[in-house]
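Dear colleague,

Please have it open while you read.

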Amino acid sequence: MSLTRSQSLPAYNTVSGNIQELNLTKRGKGVAKRRSMEDRDTNGNLSKRYVFEASRKTVEVLQGVAEMAGVPLVKQVLEIGLSLIKACEELNEVQEKAQQLKNRVAEFLLVIAKFMDRPQDAKLAPHFSTFFAEMSEDLERELGDLKICLDSITKRLEHIKARNALITAMLPESNIDEIQACETEFSDAIERFQTLRGLHAAEDITKLQDKLEVVYSEIKAISQQVTQLQTSFDDLKARLGPLDDSQLVVPTMPNPPTIFHGRNEIVNEIANTLARRSIDGKLSRFCILGPGGLGKTSAALAVMQHPLIRSSFEEGQFWIPCNTANSPNALLDALAEGTGVNPQTKNLLRSILSRLSSLPGQSILLLDNFETPWLLDEGSQSRVQAILEQLNSLPNVAILLTMRSNSPPLRDWKHTDLPPVDLADSRKIYLDIDEAAHDSPDLDVLLDTLGHMPGAVYLMANLGANSLSTPTELLQQWRAGGINVMDHCIGLSMKSSFVTDCEGAIELLQVLSMLPAGVVRSHLKLWLPSYRPEAIQCLRKAALLHVSSGSDPKLFVLPVIQSCVQKIIPDDVSQRVYNSCCQILLSHNGAIDGPNNPLFKAHSRFIHSEQSNVESLLTEMLTNIFHSHTLTTVETVAHQLDAFRVFIWFRYWSQPHVELAVKVSQAAEMTNNTTSQADTLLCLGKMYRITGKSDDALKTLARARELFSTLDHSQRRNRRNAMRCEVTYTEMSALVRSLRQEDVIPLVESLRPQCEGEDTYLEALRLESLSAYQFKAQQFEAALVSLSESRNLFRKNDCPFDAATCLLDLARILGCLERYEEALLMADEAVSSFHDLGFEGYNTCFSYILKARIMKSLQAPGDAILEVLNDALKHSYREPLPLAFTLLEYGEVYLKRRDWRAATLAYEEARNAIFRLDKEGHRGIPDECNNKIQIIRRYETQEVDPPEEELSSLIPAPRLFP
């Protein structure tokens, strides 16, 4: 169809797409005015008509419609017309004439805007769609001519405005004729626009302006709503990216050494291999193998800096130094630190895999010095292999691995045995360090003797430069020594007068070789109180010690040098380092009491900073204990056991290490110290409990109960640990025996006699345990009484963490009792308490979740609830259970808003999080998510809003009950 001259279109509502007349009244000041003036009709007779007067609101309406106009030609006409109106407004000295022109232009722009104001993505009724598709050729031509006319007049007005201001002020009439000419040009032009004139004649311009204002406001509101929905989806997707796990600092990838020759070809080959996918669609895995001293790490770092690798893996490059990973758990710790995963997560491997899987694009891991975790005992190696196989299953993660070995850890991985460099490159390495050796006749002989191993050449060149020895002299010293190239090079460096004459240099090198993670300068005196600053400088010059940059630099010895030095460390030096390790732990023993101790936060942070070193040394000490058959073994264990206990309790509160706790408990059994035995078994039993090994937990706690019953309960720690053991044993017993909640309550009540006395902390523990079973049995009033009393007793005993845990449970109980205002106050206080204690994990996340649920019950605004859920998501640390519960809450908020896309994302990710759980619990959540996703997609396909009752059924009452 085409639009005839006599046709006009009624106003339409873009929100619903329906055609309707809008009966609107005038609204306040700024509404368009009318004035009477004489004009002639088509027969030439005088008549009266109302002339439209454009106001500021007119301009605002036209600007709004121009922003959203969906027809490009109309959009251009409106924008040029607005420029003309602006030029008229700025010609103040001839205001009346310019105003007349402005009014006439504005009239026609409003008429045009009425039909053409649809936004780019608006859905119109069918007859409007047809109109836009079959726009009259006459109308389209007229709009094009109007555009040219308006542009011409605007330029003339701009020319007038640019004239000398003084002349214009003194002779304003000089511009009147030109403005009159502009108005005449516009009048002549619109005489030719018969279609537009027909539309214009049919309109009441003032009412039309009001209609357009409403339409534009509604379009703008829809646009803002669409933007808000898109923002919600994008915001949630961004938050589900790297959670700052998020805020954890990922170790910076070191740069390759500045002296690096002879490896370009192999570096290019490896880079090209890693950037390609294999036949099964996975990114490549590549191992650089060979003995120490060949420069495997240097070559790997050069690969990571290769332009192809940097462009292919710009989203994620992770350096994992494995020289500290002397156990499967230590390997997980190294992976967590290297990938930015919070070490407090309960299933570290799962969190690492989840982190790597969720990264956008491709990522690459550099597992450096992998021989440390790989060359363990057979049982440990099988666990390390299982970890590696899990990493191998990630299709979008490439792996580059260096290892002192002649075969890769997994058979199907590509690998290369790194060869020595050739003579020319070997000379370049040496002469870059010691230029004086350039003309030595024995330099090539020395390099041949070293086998052109870059590490050996580097050490020998530094030895020559620092000792002022020629290659001939070094060659003579070499021939008097041993066979192993690297050992011999390091031995020569250590025995050089340059090093031996520096007091304390050898001991410092030996101590640092026992600390695989190195040590920051500020901690060095803790490990070696007698160290001398000049020893650091000496070892650096000899290339035996490396120092990182920064205000508190880290001192470290390369793994290849560590392994050589460790073979010759005297027993007295080893014992001093072991004693320093124990002293460090004992002086930071706040970790043994958990978060109730005011020193817990600071002490745990310090132990964490030395965790790799401490764990490596504890493993050595335990190995020595189990393989020693001397009479001093028991005395040694007794001396070290208190330090061992501090560390395993630290691990309990951060990241449980069951294997280490088992070894410590076995060492404790070698002593006659019942207190230590009971304490280590309690810690081990609680580790079994939180890692889901209920049978092991029950068996271990039963043994601990027997030992605690023989102890002197006049000592506070003994009696408190005994009660902790009792309540945990009762919980595990009920779980293993599948007792009903009602049947457990009498068991907890039976502990009352053991809690009588001055130490009210025992009764606080019992009441806290009792309230949990009363709550699960839906005895809410009784649970509230028990827990309130428990919290008061914890506070009297200065136990802020236990009191904060009670706050969280009190908020839940009050919510179940529909006392929402009180519940919200309790949840807020729980959040603040956990923050103050620095306990930012599981409990903090659930405090935020519970707060959001209570706010829903109070009908709080969705935005306020989302702010709380954002905090919950941040503290979930990607742990499946808290993450899933958080996302379910997001989904319900978005459902209520009818934001289908964001709701779908939330339910999909909640379902995926539960699938990552090891346990069978909460398996109903994926079914719930799938059902809601299916219904949401039906809404989207049909493009209809669901009935209110159906939508309400998808949004359950807040989950206050577990």
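In this predicted model, five strands form an open sheet: the 5 strands follow the order E4-E5-E6-E3-E7 and pair in parallel. Strand E4 (317-321) and strand E7 (414-417) are the edge strands, each of them pairing on one side only. On average, neighbouring strands of this sheet are turned by 15° against each other, if direction is ignored.

The pairing between E7 and strand E3, which covers residues 285-289, is parallel and runs over 4 bridges; here Cys287 stands opposite His415 in E7. Helix H11 (residues 296-304) lies across E3, E4, strand E5 (363-368) and strand E6 (397-403), and it runs at about 160° to E6. Helix H13 (residues 328-339) also packs on the sheet, where it touches E4 and E5, and its direction makes about 150° with that of E4.

The loop between helix H30 (633-653) and helix H31 (658-669) holds His657, which counts as buried because its relative accessibility is 4%, under the 20% cut-off. The side chain of His657 takes part in a polar contact of 3.3 Å with the side chain of Glu615, and it reaches the backbone nitrogen of Leu660, also at 3.3 Å. Leaving aside residues up to four places away in sequence, His657 touches Ser327, Asn329, Glu615, Arg651 and Met687.

Met723 lies in helix H34 (residues 716-736), and with a relative accessibility of 2% this residue, too, counts as buried. Which residues does Met723 touch, not counting those up to four places away in sequence? They are Leu751, Gln754, Cys755, Leu762 and Leu765. Between Met723 and Tyr761 there are 9.3 Å in space, C-alpha to C-alpha, although the two are 38 residues apart in sequence.

Notes:
Residues numbered from 1 in each chain as written. Predicted model: local features only at pLDDT ≥ 70, side-chain atom pairs only at ≥ 80, totals over all residues. Heavy atoms only, no water. Helix = DSSP H or I, 4+ residues; strand = E, 2+ residues; numbered from the N terminus. Buried < 20%, exposed > 50% of the residue type's maximum accessible area, 1.4 Å probe, protein only. Contact = heavy atoms within 4.5 Å. Pairing = 2+ DSSP bridges. Axes fitted to C-alpha atoms, helices over the stretch in contact; angles between N-to-C directions. Polar contact = N/O pair within 3.5 Å; in protein donor to acceptor, adjacent residues only side chain to side chain.
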